[in-house]
Amino acid sequence: MSITPRTVRLLMPVAAALFLGVALAIRAVDDGALRQYSGTALYASMVWAGVLFLWPRMAPVPVGVIAMLFCWMVECAQLTGVPAELSARSLVARLALGIQFDPVDLLWYPIGVIPLAALHRLVAGGVPLTPRGQREGSAQGGARSD
């Protein structure tokens, strides 16, 4: 059974909601390092789900790279003070952009993404999906169309 891009698009909001639920559950029971670092990794997991939602045919490694680069870009943007200013005005901005730069977060983003990229590779066989859910390079009737 192959996973179609449509199925991926349906599953990614569910996955993001699951990551958010886990983050909120941890937040409810812990207010120390586990809360902070798991939240960082789970934020990266939600970004991964968002990237895969936008580009459901993309291979696992590029999805992971884009997710990590996005997270690192947001983290580095915190050095400018702009996210802190926006966060002071909006809870949504605070959750999405954070408040202050923490170099340790740069290490936690891959922890939230790499396991998902590995799972994606296992499920998809590491090959992007075509519109019909067939793996690229697989031939119908023995002939490959270009």
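1. Salt bridges first: searching the whole structure, a predicted model, turns up 1 salt bridge. The term here means a side-chain nitrogen of Lys or Arg within 4 Å of a carboxyl oxygen of Asp or Glu. The partners are Arg-89 and Glu-85, with their closest N and O atoms 2.8 Å apart. Both sit in helix H4 (residues 82-89), and because they are 4 residues apart there, about one helical turn separates them. Helices are DSSP runs of H or I with at least four residues, strands are E runs of at least two, and both are numbered from the N terminus.

2. A word on ground rules. Residues count from 1 along each chain as its sequence is written, and side-chain values use heavy atoms, with hydrogens and water left out. As this is a prediction, local features need pLDDT of at least 70 and side-chain atom pairs count only at 80 or more, while totals for chains, interfaces and linings use all residues.

3. How confident is the predictor? Mean pLDDT (the predictor's confidence in each residue, from 0 to 100) is 87 for the protein, and 84% of residues reach 70 or more.

4. Now the largest pocket, which holds about 1,100 Å³ of space. A pocket is an open set of points on a 1 Å grid over the protein atoms alone, where a 1.4 Å probe fits, with protein on both sides within 12 Å along at least five of seven lines; lining residues have an atom within 4 Å of a point. The volume is the space filled by probe spheres set on the points, which are joined across faces, edges and corners.

5. Who lines that pocket? There are 30 lining residues, with Gly-39, Tyr-43, Arg-94, Leu-95 and Gly-98 nearest the centre. H2 gives the largest share, 9 residues. By class, the lining has 18 nonpolar, 6 polar and 6 charged residues, with Gly counted as polar and Tyr as nonpolar.

6. Last, Ala-16 in helix H1. Setting aside neighbours within four places in sequence, Ala-16 contacts Met-46 and Ala-49. Its C-alpha is 10.0 Å from that of Ala-44, 28 residues away along the chain.

Terms used. Contact = heavy atoms within 4.5 Å.
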